[in-house]
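Me: I have a structure open and would like to learn how to read it. Could we start with charged side chains?

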Amino acid sequence: PVQKPHPSGRITSPQPGTKLGRSVPLAVEASSPGGPIAQVDYLGHYEDVNCEGDGLYTQWHYHFFHGQIAHHLGSARQAPWQATWDTSWVPDQGQPMALAARIIDERGMICITPAVVDLSFDRAGLSVELCKPYSIPKRWVTRSGEKSEHFRVTGDLKKAVAAQLVWSSWSPGYMQGIAVNGVSVFDSEGPRYQYLFHRVPVKRMDVFRPGINTLTTGKTPLINGEMVHGMEVNWPGIMVLIQYEGVE
């Protein structure tokens, strides 16, 4: 850092120790001796769905797709470099969270700010459960037949108001439906022979049951009598998020 001019800055919102609601304003002070600031990306260290494909649910959540940052908290491309973090689908947290900003100047030099720590949620009756999949099939490709995983629900399903299926795949254009506990909840979406990140709403809360649940992907049928690629479900499998309202 002492050898090249680089941007610097600090997060001004939120402050350390803040209790965060459903909508979190993000702000930073940023400057660079190398020229104007071009972009600010906000990053969070917390538990969430694993978009990165490494199976780690608690980490600094972001990755790159086609050279662009993805699945971070938000970005700002003009002053005053503010963004808003919508936490309505972020799981409840068992440990304090932290935030930092990635500041980029017009020359492409990048600096990560010091982290703002000891953050927690206070979302006025909202609870979000992350149901982590287990018993994940090896070589999960739908052309080879039905594949199933398990996940556990611990929340009070009487208070469940919405749910999502979250996963990444290759060639989802060949998928053949998803069922939860034997009930179809989704048909298909996406291109063939490309990557896609899915966040699919589940419209029926009655498909879930307390305790162990089973999620199954259907077998891709033959097309014109020939086997096609099928959808590949990437690690760590299909994750389930459930929203609850009226939770104390």
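Me: Is lysine 132 buried, partly exposed or exposed?

Reply: Relative accessible area decides that: buried is under 20%, exposed is over 50%, and partly exposed lies in between, using a 1.4 Å probe and protein chains only. Lysine 132 has 35% relative accessibility, so it counts as partly exposed. Bear in mind that this is a predicted model, in which local features need pLDDT of at least 70 and side-chain atom pairs count only at pLDDT 80 or more, while totals for chains, interfaces and linings use all residues. Residues are numbered from 1 along each chain as its sequence is written, and side-chain values use heavy atoms, leaving out hydrogens and water.

Me: Which side chain meets lysine 132 in a salt bridge?

Reply: Here is the general idea: side chains of opposite charge can pair when their charged atoms come close. The rule for a salt bridge is a side-chain nitrogen of Lys or Arg within 4 Å of a carboxyl oxygen of Asp or Glu. In this case the partner is glutamate 47, at 2.7 Å from N to O. Glutamate 47 belongs to strand E4 (residues 37-47) and lysine 132 to the loop between strand E13 (127-131) and strand E14 (147-153), so the pair ties together parts 85 residues apart in sequence. Strands (E, at least two residues) are DSSP runs, numbered from the N terminus. Glutamate 47 is buried, at 18% relative accessibility.

Me: How many salt bridges are found in the whole structure?

Reply: The search finds six. Among them is the one between aspartate 92 and arginine 123, at 2.8 Å from N to O. Aspartate 92 is partly exposed at 33%, whereas arginine 123 is buried at 4%. Another joins arginine 204 and aspartate 206 at 3.0 Å, N to O. There, arginine 204 is partly exposed at 43% and aspartate 206 is exposed at 55%.

Me: Now for cysteines. How many disulfides are there?

Reply: A disulfide is a covalent bond between the sulfur atoms of two cysteines. The test is a pair of cysteine sulfur atoms within 2.5 Å, and the count here is zero. Take cysteine 131: the nearest cysteine sulfur, that of cysteine 51, is 16 Å away. Cysteine 131 is buried, at 1% relative accessibility.

Me: What does the side chain of threonine 220 reach?

Reply: Look for polar contacts: pairs of N or O atoms within 3.5 Å; within protein, one must be able to donate a hydrogen and the other to accept it, and residues adjacent in sequence count only if both atoms are side-chain atoms. The threonine 220 side chain reaches the backbone oxygen of tyrosine 174 at 2.6 Å.

Key
Helix = DSSP H or I, 4+ residues; strand = E, 2+ residues; numbered from the N terminus.
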